[in-house]
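The following report describes a single protein chain, from its overall make-up to selected residues. The sequence and the model are shown first.

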Amino acid sequence: PPPPPPWSPPPRVGEGLGRRYATLCLVFEPLESVSGREGGAMANAANLNAVRETMDVLLEISRLLNTGLDMESLSICVRLCEQGINPEALASVIKELRKATESLKATENMTG
């Protein structure tokens with residue numbers, strides 16, 4: 001049998017996820033393509049606007065929850081979740097990286 005994938009699919013909202021990380025599980029549904037050049041361009045523009053609005057809302061939620069994520073970091077997290085990365089595991093990695101960074105800064109301040 002083939003080996004299991006190195007990631008687990010994201011759990012559905014309400015299956016053990018905290019509210020803070022559940023927002024990272026959003027998957028953007030592409031708009032159905034519309035026939036014709038103008039229709040396709042309008043669908044792409046509408047899709048782009050929907051993504052921007054969604055990211056703006058996610059950023060506001062992120063700020064309200066004091067996650068410390070900027071728009072670029074939040075976008076990366078959303079894309080990773082869309083690719084199947086477990087949001088809880090992603091949150092754990094971010095926390096560990098922050099701890100390591102703080103530890104390095106504290107060590108530099110003591111020796112510097």
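Two residues are in contact when heavy atoms of theirs lie within 4.5 Å. By that criterion, and leaving aside its neighbours within four places in sequence, Leu-59 touches Leu-69, Asp-70, Met-71 and Leu-74. The model in which these contacts occur is a predicted one.

**Overall composition and confidence**

The protein has 4 helices and 0 strands, and its elements follow the order α-α-α-α from the N terminus on. Of its 112 residues, 22% count as buried. The accessible surface amounts to about 8,600 Å², and carbon and sulfur atoms account for 57% of that surface. When contacts between residues at least 6 apart in sequence are considered, 56% of them join residues at least 24 apart.

The mean pLDDT of the protein is 76, and 64% of the residues score at least 70.

**The nonpolar core**

Which residues make up the largest nonpolar core? This core has 10 residues, namely Met-55, Leu-58, Leu-59, Leu-69, Leu-74, Cys-77, Val-78, Cys-81, Leu-90 and Ile-94. Helix H2 (37–64), H3 and H4 are the elements that give two or more residues to this core. The greatest contribution comes from H3, with 4 residues.

Ile-94, a member of this core, lies in helix H4. Why does Ile-94 count as buried? The relative accessibility of Ile-94 is 19%, and buried means under 20%, so Ile-94 falls in that class. Leaving aside its neighbours within four places in sequence, Ile-94 is in contact with Leu-69 and Cys-77. Ile-94 and Leu-69 are 25 residues apart in sequence, and their C-alpha atoms are 9.8 Å apart in space.

Ser-75 has its place in helix H3. With a relative accessibility of 18%, Ser-75 counts as buried because the limit for that class is under 20%.

**Helix H4**

Helix H4 (residues 87–111) has 25 residues. From its first C-alpha to its last, H4 reaches 36 Å, close to the 36 Å expected at 1.5 Å a residue. Its buried residues include Pro-87, Leu-90, Ala-91 and Ile-94. At the start of H4, a side-chain oxygen of Asn-86 comes to within 2.8 Å of the backbone nitrogen of Glu-88.

**The loop between H2 and H3**

Both Asn-66 and Thr-67 are found in the loop between H2 and H3. Asn-66 has a phi near 55°, a positive value in a residue other than glycine. Is Asn-66 buried or exposed? Its relative accessibility is 66%, and exposed means over 50%, so Asn-66 counts as exposed.

Thr-67, by contrast, has a relative accessible area of 14% and is therefore buried, the cut-off being under 20%. The side chain of Thr-67 makes a polar contact with the side chain of Ser-62 at 2.3 Å. The Thr-67 side chain also reaches the backbone nitrogen of Leu-69, at 3.3 Å. Leu-69 is in turn one of the residues of the largest nonpolar core.

The relative accessibilities of the residues discussed individually are listed below.

| Residue | Relative accessibility | Class |
|---|---|---|
| Asn-66 | 66% | exposed |
| Thr-67 | 14% | buried |
| Ser-75 | 18% | buried |
| Ile-94 | 19% | buried |

Key:
Residues are numbered from 1 along each chain as its sequence is written. This is a predicted model: local features need pLDDT of at least 70, side-chain atom pairs count only at pLDDT 80 or more; totals for chains, interfaces and linings use all residues. Side-chain values use heavy atoms; hydrogens and water are left out. The expected span of a helix is 1.5 Å times one less than its number of residues. Buried means under 20% relative accessible area, exposed over 50%, partly exposed in between (1.4 Å probe, protein chains only). A polar contact is a pair of N or O atoms within 3.5 Å; within protein, one must be able to donate a hydrogen and the other to accept it, and residues adjacent in sequence count only if both atoms are side-chain atoms. pLDDT is the predictor's confidence in each residue, from 0 to 100. A nonpolar core is a set of buried Ala, Val, Leu, Ile, Met, Phe, Trp, Tyr and Cys residues joined through side-chain atoms within 4.5 Å. Accessible areas come from the Shrake-Rupley method with a 1.4 Å probe; for residues, only the protein chains shown count as cover.
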